[in-house]
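Hi,

Here is the structure we talked about. Please open it and keep it beside this email as you read.

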Amino acid sequence: MVKQAALDVNGRLAVEKKGGGMDNNCLSILDKRTNATYEIPFHQGTIRAMDLRKIKTGTEDFGLMTYDPAFMNTASCHSAITFIDGDKGILRYRGYPIEQLAEKCSFLEVAYLLLNGELPTAAQLNDWISIVTHHTMLHESTKHFLEGFRYDAHPMGMFISTLAALATIYPEARNVHDPVTRRLQIARLIGKVPTIAAYTYRHGLGYPYVYPDNDLSYPENLMSMLWKMTEPQFKPNPVMARALDILFILHADHEQNCSANVMRSVGSSQADPFVATAAAAAALWGPLHGGANEEVLRMLDEIGCKDRVPAYIESIKAGKGKLMGFGHRIYKNYDPRARIIKQTAERVFEITGKNPKLEIALELERIALEDEYFIKRKLYPNVDFYSGIIYQAMGFPPEMFTVLFAIPRTAGWLAQWEEMVVDPEQKIARPRQIYTGYSKRDVVPMEKRVA
Ligand SMILES: CC(C)(COP(=O)(O)OP(=O)(O)OC[C@H]1O[C@@H](n2cnc3c(N)ncnc32)[C@H](O)[C@@H]1OP(=O)(O)O)[C@@H](O)C(=O)NCCC(=O)NCCS
């Protein structure tokens, strides 16, 4: 006999229709262990995992959970910031296609959009630029902190540590529930990340740090802090500055990726935004995430010349590593950012001359896109495949690539963080586990233990 066990937790579960029948907008589950059926309502194309908890074999049973390592099929939040359709290769911030934003907007305009939901008016943009510009300076103690790193410290290690260290300078940042305090820290972080990035670069070269120049735009100021030498004012190349701005727009957010998830997860404990951003940047550094652009360059160096590409592809297919800059958890079609980067690269190369690695990269892409192994697995170039080649042509060493990714992504992390903080449904992030260890056992005295 089939028992009807319609759930009614918090009024969200299946309700009897006036006519007596069950609501069609729900999932019917038959638990063959008990022969009970459960009606679980759909919620914006999903079911709530907590609704499964009522599926039990008896009163002692904890209730059904889902098992989803690496969040392959779990939505962890509602978000109105970024939309991706990985099958169609679509990326939009707040509804605006990435192609239009890259063509028509500046990075700070896009950062405003991510944080506020709408594109700014001219007056709003001026105010926003002025706010960010007035937060570009670092406290001198932060400069001394950076000076303490070894001469060959990886810029990303310095960048992450310095972000965390900012929490000691702005202790009020812990007041995460005050909107005014939150907005001040957001402006500080977006204003200061280029300065920290430039300091990490100059530290490696042994050059003196360059203070921000408030007369320059966001990317121009970064270029000045990176490359100014003895001249009174740095004159940024406008094509390079615009290319950097476009790269920043493309990297500004990417919905619930690994580092955004870390930002939300750390922020969910009400930790301040400086340490949460440091944690997100740490996640970005991994070679499977933002660290991939550095790995792409190492891979192109290892391949060495165009003729060796087929042999390299064969070695990947034989299981010897991955083709860095290829594949994506969400995009199973061409990454739309990679297409824009490729066009931007052309403009940069007109100034800098072609990066000789481009030839190897193009050949790698050509062969991989025709190869059954890559076609079957839907592996296409991602954002990191070409960004490293542009960065290198601009004069950056590979160690700086992930730092260059982290600068604009800070805006996305902060938009995701604030959305999480004000979301009444969010609590401290705390996944469940399937315990596979021993059941209870007693401690054996040392003299009786055997190896
Ligand atoms: C991005 C990435 C982590 C996504 O991983 P994922 O969604 O977990 O995909 P999987 O690792 O399950 O890959 C599916 C299959 O494609 C293969 N694959 C994935 N990326 C590959 C790559 N770059 N080169 C060769 N094979 C790859 C996997 O080996 C697997 O093959 P199998 O089914 O025979 O076991 C992965 O594609 C990758 O490591 N790419 C290289 C690093 C990179 O460029 N990262 C930047 C992302 S923007």
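Start at tryptophan 227. Leaving aside its neighbours within four places in sequence, tryptophan 227 is in contact with Tyr201, Arg202, Phe234, Met394 and Phe396. Contact here means heavy atoms within 4.5 Å. Tryptophan 227 belongs to helix α7 (residues 218-227). Tyrosine 201 is 26 residues away from tryptophan 227 along the chain, yet their C-alpha atoms are 9.6 Å apart.

Some ground rules. This is a predicted model, so local features need pLDDT of at least 70 and side-chain atom pairs count only at pLDDT 80 or more, while totals for chains, interfaces and linings use all residues. Residues are numbered from 1 along each chain as its sequence is written, and side-chain values use heavy atoms, with hydrogens and water left out.

Helices are DSSP runs (H or I, at least four residues), numbered from the N terminus. Their axes are lines fitted to C-alpha atoms over the stretch in contact, and angles run from 0 to 180 degrees between N-to-C directions.

**α8 and α16**

Helix α8 (residues 238-251) packs against helix α16 (residues 383-394) at about 155 degrees, and their axes are 12 Å apart. That angle makes α8 roughly antiparallel to α16. The cut-offs: under 35 degrees is roughly parallel, over 145 roughly antiparallel, 65 to 115 roughly perpendicular, and the rest oblique. The two helices, α8 and α16, cross in a left-handed way. Left-handed means the near helix is turned anticlockwise from the far one by less than a right angle; clockwise is right-handed. From α8, the contact uses Met240, Ala243, Leu244, Leu247 and His251; from α16, it uses Val383, Ser387, Ile390, Tyr391 and Met394. By class, that contact of α8 with α16 has eight nonpolar, two polar and no charged residues. Ala, Val, Leu, Ile, Met, Phe, Trp, Tyr, Cys and Pro count as nonpolar; Asp, Glu, Lys and Arg as charged; the others, Gly among them, as polar.

**α4 and its partners**

Helix α4 (residues 140-147) packs with helix α6 (residues 179-205) at about 40 degrees, with axes 10 Å apart. α4 and α6 are therefore oblique to each other. Their crossing, α4 with α6, is right-handed. Lys143, Leu146 and Glu147 of α4 meet Tyr199, Thr200 and His203 of α6. This contact of α4 with α6 has two nonpolar, two polar and two charged residues.

α4 also crosses helix α5 (residues 155-169), at roughly 145 degrees, with axes that come within 10 Å. α4 passes α5 in a right-handed crossing.

**The ligand**

Which residues come nearest to the ligand? Of the 17 around it, they are Leu323, Gly325, Phe326, Arg329 and Arg377. Around means a heavy atom within 4 Å.

Look at the polar contacts too (pairs of N or O atoms within 3.5 Å). A backbone N or O atom of phenylalanine 326 is 2.9 Å from a ligand nitrogen. A polar side-chain atom of asparagine 382 lies 3.0 Å from a ligand oxygen.

Best wishes

Key:
Polar contact = N/O pair within 3.5 Å; in protein donor to acceptor, adjacent residues only side chain to side chain.
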